[in-house]
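Reader: Hi! Could you walk me through this one? I'm new to looking at structures.
Author: Happy to, let's bring it up first.

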Amino acid sequence: MQVFDSQKFRLSAVEVDQDFLKSIERCLILSPHPDDESLGCGGLIAKLAENNCDIKIILTTDGSKSHPNSQKYPSKLLTELRYKEVKAALKILGVNQDKIIFYNGNDSALPALGETKFNENVERLSTDILSFKPQLILVPYELDPHRDHRATWQMLHQTLLKQTKFKTTIWEYPIWLYQNASIEDLPNLKPGELKHLDITEFSSQKEQAIFAHVSQTTRLIDDDPEGFMLVSEMIANFTNGKEYFMERSKLNGGSTLPKNYFESLYTENPDPWDFEKSEYEKEKYQRTISAIPEGRHHSALEIGCSIGVLTQMIAEKCDQLLSIDISEQALETAKNRLKAYQNVEFKVAAIPDQFPEGKRDLIMMSEVGYYLSVEDLNSTISIIEENLNPDGILVLVHWTHFVHDYPLSGDEVHDAFAKSSLAHLKADRTADYRLDVYQKKNI
């Protein structure tokens, strides 16, 4: 009885965001053995290569134990053969051999967490990742039923725990999960964590790449009765026109962006989004202010005021305005800009943990929500619901294009607010941003 229901597994998958793929300029693929890259990711590799993405492959083992008893192909010769095969396979997929990094780990004995030389591999991987700065990393699924696959995942996981210098997306791909899974190996996925990529146009390339691994797909090595061979049933899991990847929160926490992220931006450029001169921002601000219902608002809160360009316009609409931002540098600029305004107060604060106390008639949240994790966004929504006065107004504005660094998209932020208890008053959408106005019901 097969434990893993691959059909049910695949039915839960959502389509890969094509805008996300187009945004990837550097992709790193961790492959425990020569052939895992073609089986699990061959179509993705071909698609990214067509998009001129810079792709690097790290092979963590030498593949020398697929035919341990062969006299014709002892360990050294088998390694040479398998390295030759992976170079040929990747050439078919559009990747040059100089993009392959060989770690030369012992096949079927790659050090796992706590074992000798594991930390050395982590240090090497950390160095390679920091020098390349991939926006997308592919790695075998955490509990894929092979010790080398699990050890490769552990190497990446330990590297990521130490890595805080840049943000990357991690996709896990299954290989032996399809054939050898036990109950304990099965992934417990949240909705949306399993993704599928249509690779129909690259199917021929992928199959050619898989069968370029001749030692694994034929009886080329015929003097080892215990030698390994990819059977047709196994290969069929990877040649159905789709590839499947898990983007689990365990590796992609989607954490709220920290204070130093923003301070670094303002250190490099005091106006990183060109708020002062951009005609786009000027038009968006005018539509934002026009969306605020008529009348004077006594107490207002602006979440994420940055350098204060929009703040100045909000201040004209209310008696008292508290503007907060996570960046001290941005607030200093905002304070100087509005030093003549007696009705504006500034405060360094990060939401949701430092959300200012007090009831408000108007809350403005412009280009902030997508910096938050799902959990922090939901907490913020609850606080806003509580802190708005009866009939109080919330104005929500966010850029809707994909941004790699951000935990959420603008649409995800607005869709989350749509589920709140607030009454929806107005919706406005352009090709670049989304504007919604809400009101707290006066019960």
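Reader: Let's start with the second largest pocket. Which helix or strand gives the most to its lining?
Author: Helix H12 does, with 4 residues in the lining of the second largest pocket. Keep in mind that this is a predicted model.

Reader: And which elements give two or more residues to that lining?
Author: Helices H11 (259–268) and H12 (279–291), along with strands E9 (297–303), E10 (318–325) and E12 (360–366).

Reader: How does the lining split by class?
Author: There are 23 nonpolar, 5 polar and 6 charged residues.

Reader: Switching topic: which residues touch the most other members in the largest nonpolar core?
Author: Ile-303, Met-365, Ile-384 and Phe-417, out of 58 residues in that core. Strand E13 (residues 388–399) supplies the largest share, 6 residues.

Reader: Last one, the whole chain! How many helices and strands are there?
Author: The chain has 16 helices and 15 strands. Of its 443 residues, 53% are buried, and the C-alpha atoms fill a box of roughly 85 × 45 × 40 Å along the principal axes.

Methods:
Residues numbered from 1 in each chain as written. Predicted model: local features only at pLDDT ≥ 70, side-chain atom pairs only at ≥ 80, totals over all residues. Heavy atoms only, no water. Core = buried A, V, L, I, M, F, W, Y, C linked by side-chain atoms within 4.5 Å. Buried < 20%, exposed > 50% of the residue type's maximum accessible area, 1.4 Å probe, protein only. Nonpolar A, V, L, I, M, F, W, Y, C, P; charged D, E, K, R; others polar.
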